[in-house]
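Welcome, and take a moment to turn the model around before reading on. The notes below walk through a few of its features, one at a time.

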Amino acid sequence: MAAPALGLSASGRRDPLALALGAGSFAIGVWGALAPRSLGRLLEVDATTARLIGFRDLAMVFVLFSRESRLGIGSRAILDLGDALVFRGRRPLIAGFAATLGAAGLVRTVTIRR
């Protein structure tokens with residue numbers, strides 16, 4: 001039996017964390033692209049910054065839904081840890097959530113078998 005492709009489990013299924021992070025990135029991305037003022041109010045940033053966050057997250061969807069789960073999850077983890085640093089002073093709850101996702105992503109990245 002051939003080894004599974006990167007990003008797929010032995011059963012041929014995509015990594016559940018990559019799918020969940022991709023869905024979340026898609027939701028934030030669409031929100032930021034279509035309603036940046038609304039997302040900006042939540043994050044306490046201006047509409048331009050919220051729009052950029054939205055487009056950044058939409059770009060992440062392609063990486064997270066690719067066959068390279070390790071790359072996608074690792075990249076998302078780095079972005080989330082960066083968000084945790086940026087939002088730690090003004091939005092501690094969002095910063096804590098981002099830090100948790102980032103840490104979980106790093107752990108998963110290390111534990112994905114090659």
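## A charged pair across the chain

Let us begin with R108, which counts as partly exposed because its relative accessibility is 29%. The model you are looking at is a predicted one. In it, R108 forms a salt bridge with D15, and the closest N and O atoms of the two are 2.5 Å apart. This pair ties together distant parts of the chain: D15 lies in the segment before α1 (16–34), while R108 belongs to helix α5 (residues 92–111), and 93 residues separate them.

How exposed or buried is D15? With a relative accessibility of 7%, D15 counts as buried, since the cut-off for that label is under 20%.

## How α3 and α4 pack

Two packed helices are described by the angle between their axes and the distance between the axes. For helix α3 (residues 47–64) and helix α4 (residues 69–87), the axes come within 8 Å and cross at roughly 155°. Angles over 145 degrees count as roughly antiparallel, so α3 and α4 are roughly antiparallel to each other. The crossing in which α3 passes α4 is left-handed.

Which residues make this contact? From α3 come I53, R56, D57, M60, V63 and L64. From α4 come L71, G72, I73, S75, R76, L79, D83 and F87. Sorted by class, the contact of α3 with α4 has eight nonpolar residues, two polar ones and four charged ones.

## Salt bridges between and around these helices

Side chains of opposite charge can pair when their charged atoms come close. How many salt bridges does the structure hold? There are seven.

One of them joins D83 to R56, with the closest N and O atoms 2.9 Å apart. Here too, distant parts of the chain are linked: D83 sits in helix α4 and R56 in helix α3, 27 residues apart. D83 counts as buried because its relative accessibility is 15%. R56, with a relative accessible area of 24%, is partly exposed.

D83 also meets the side chain of R76 in a salt bridge, at 3.9 Å from N to O. R76 and D83 are both buried. Through salt bridges that share partners, R56, D57, R76, D80 and D83 are joined into one network.

## How α2 meets α3

Helix α3 also packs with helix α2 (residues 36–43), at an angle of about 100° and with the axes 8 Å apart. Since angles from 65 to 115 degrees count as roughly perpendicular, α2 is roughly perpendicular to α3.

On the α2 side, the contact is made by P36, R37, L39, G40 and L43. On the α3 side, A47, A50, R51 and I53 take part. By class, the contact of α2 with α3 has six nonpolar residues, one polar residue and two charged residues. I53 is listed in this contact, and I53 is also listed in the contact of α3 with α4.

## The loop between α2 and α3

Where is E44 found? E44 is in the loop between α2 and α3. Its phi is near 60°, which is a positive value in a residue other than glycine. E44 has a relative accessible area of 42% and is therefore partly exposed.

Notes. Residues numbered from 1 in each chain as written. Predicted model: local features only at pLDDT ≥ 70, side-chain atom pairs only at ≥ 80, totals over all residues. Heavy atoms only, no water. Axes fitted to C-alpha atoms, helices over the stretch in contact; angles between N-to-C directions. Helix = DSSP H or I, 4+ residues; strand = E, 2+ residues; numbered from the N terminus. Parallel < 35°, antiparallel > 145°, perpendicular 65-115°, else oblique. Left-handed = near helix turned anticlockwise from the far one by under 90°. Contact = heavy atoms within 4.5 Å. Nonpolar A, V, L, I, M, F, W, Y, C, P; charged D, E, K, R; others polar. Salt bridge = Lys/Arg side-chain N within 4 Å of Asp/Glu carboxyl O. Buried < 20%, exposed > 50% of the residue type's maximum accessible area, 1.4 Å probe, protein only.
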